[in-house]
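Welcome, and please have the sequence and the 3D view open side by side. We will walk through the fold, its links and a few backbone details together.

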Amino acid sequence: MAALFQKFTMKTGIVLILLAALTCGLVQGEDNAPEEVQVETLVKPETCSVLSTMGDTLRIHYTGKLQDGKVIDSSLSLDPLVVELGKRTVIAGLEQALVGVCEGQKIKATIPSHLAYGKKGYPPTIPGDATLEFEVEVVTLMQQTQWQKMVNDVFPLVCLALVPTLLGMVGLYLYKKANAEKPSKKKAKDKKSKKK
């Protein structure tokens with residue numbers, strides 16, 4: 001029995017190793033799509049004293065393209081797009097690329113599909129697993145005020161702390177209500193007869 005078990009585990013181990021090697025080979029064999037956002041600075045102003053951080057508001061002009069050069073979206077003929085970093089108003093990869101830029105800067109961001117529209121894409125314009133390229137010009141950069149910082153950082157924590165408190169109060173109310181002495185019909189009749 002032990003020999004059969006050892007033979008079984010040896011065969012299973014060899015199959016698992018082969019399967020892992022095959023899987024790694026297939027993954028490495030895929031196209032050379034980037035795993036992270038790649039940012040290239042095209043134009044940087046002479047003075048760049050303030051860099052964008054999460055919570056800041058940017059007004060940007062952008063042109064989004066597929067890797068074959070086909071334009072999928074552009075704001076050049078419209079008003080600049082308002083992006084508040086951290087609010088997920090744009091795809092995750094573009095938001096990452098906009099952290100650390102300054103007013104007047106132009107960048108080119110190459111965004112992998114998992115940080116853009118993923119496996120499903122955005123039919124019919126963007127196919128699944130598409131790597132996107134965005135050329136972005138930062139028109140204005142407005143840093144968040146202390147009030148905005150407090151609202152963005154502290155308010156969610158306060159709300160998070162209130163949820164268990166409210167649930168506890170509801171639970172206590174329901175517990176007291178369930179354990180409260182219910183007046184019986186006999187006692188109610190006795191009270192009526194005493195009043196007469």
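## A charged pair between strands

K108 has a relative accessible area of 23%, so this lysine counts as partly exposed; that label covers the range between buried, under 20% relative accessible area, and exposed, over 50% (1.4 Å probe, protein chains only). Its side chain meets that of E133 in a salt bridge, at 3.9 Å from N to O. A salt bridge here is a side-chain nitrogen of Lys or Arg within 4 Å of a carboxyl oxygen of Asp or Glu. The structure holds one such bridge, and the pair links distant parts of the chain, with K108 in strand 5 and E133 in strand 6, 25 residues apart. Side chains of opposite charge can pair when their charged atoms come close.

## About the model

This is a predicted model, in which local features need pLDDT of at least 70 and side-chain atom pairs count only at pLDDT 80 or more, while totals for chains, interfaces and linings use all residues. Residues are numbered from 1 along each chain as its sequence is written, and side-chain values use heavy atoms, with hydrogens and water left out.

## The overall layout

The chain has five helices and six strands. Helices (H or I, at least four residues) and strands (E, at least two) are DSSP runs, numbered from the N terminus. In order from the N terminus, the elements run α-β-β-β-β-α-β-β-α-α-α.

Of the 196 residues in the chain, 24% are buried. Contact means heavy atoms within 4.5 Å. Among contacts between residues at least 6 apart in sequence, 67% join residues at least 24 apart.

## Strand 5 and its partners

Two strands pair if DSSP finds at least two bridges between them. Strand 5 pairs with strand 1 in the antiparallel sense over five bridges, and Q38 has T110 of strand 5 as its bridge partner. Strand 5 also pairs with strand 6, again antiparallel, over six bridges. Here I107 has V136 of strand 6 as its bridge partner.

## The nonpolar core

Which residues have the most contacts inside the largest nonpolar core? They are L98, I111 and L132, in a core of 26 residues. A nonpolar core is a set of buried Ala, Val, Leu, Ile, Met, Phe, Trp, Tyr and Cys residues joined through side-chain atoms within 4.5 Å. Strand 2 (57-66), helix 2 (92-98), strand 5 (106-111) and strand 6 (132-142) each supply at least two residues of this core. Strand 6 gives the most, with five residues.

Leaving aside residues up to four places away in sequence, I111 touches V37, I91, G93, L94, A116, A130, T131, L132 and F134.

## The disulfide

How many disulfides does a search of the whole structure find? The search finds one, joining C48 to C102 with an S to S distance of 2.1 Å. A disulfide is a pair of cysteine sulfur atoms within 2.5 Å. The link of C48 and C102 is left-handed, with -130° about the S-S bond. C48 sits in the loop between strand 1 (38-43) and strand 2, and C102 in the loop between helix 2 and strand 5, 54 residues apart.

C48 is partly exposed at 24% relative accessibility, whereas C102 is buried at 1%. As for C159, this cysteine is partly exposed, with a relative accessible area of 31%.

## Loops and backbone details

The loop between strand 5 and strand 6 holds H114, a residue that is partly exposed at 48% relative accessibility. The H114 side chain reaches the backbone oxygen of E35 at 3.2 Å. H114 and A130 are 16 residues apart in sequence and 8.8 Å apart in space, C-alpha to C-alpha.

Most residues other than glycine have a negative phi, and most peptide bonds are trans. In this model, a cis peptide bond joins P123 and P124, with omega about 0°; P124 lies in the loop between strand 5 and strand 6. D129 is found in that loop too, with a positive phi near 55° and 46% relative accessibility, which counts as partly exposed. R88, in the loop between strand 4 (81-84) and helix 2, also has a positive phi, near 55°. At 74% relative accessibility, R88 counts as exposed.

Definitions and conventions. Polar contact = N/O pair within 3.5 Å; in protein donor to acceptor, adjacent residues only side chain to side chain.
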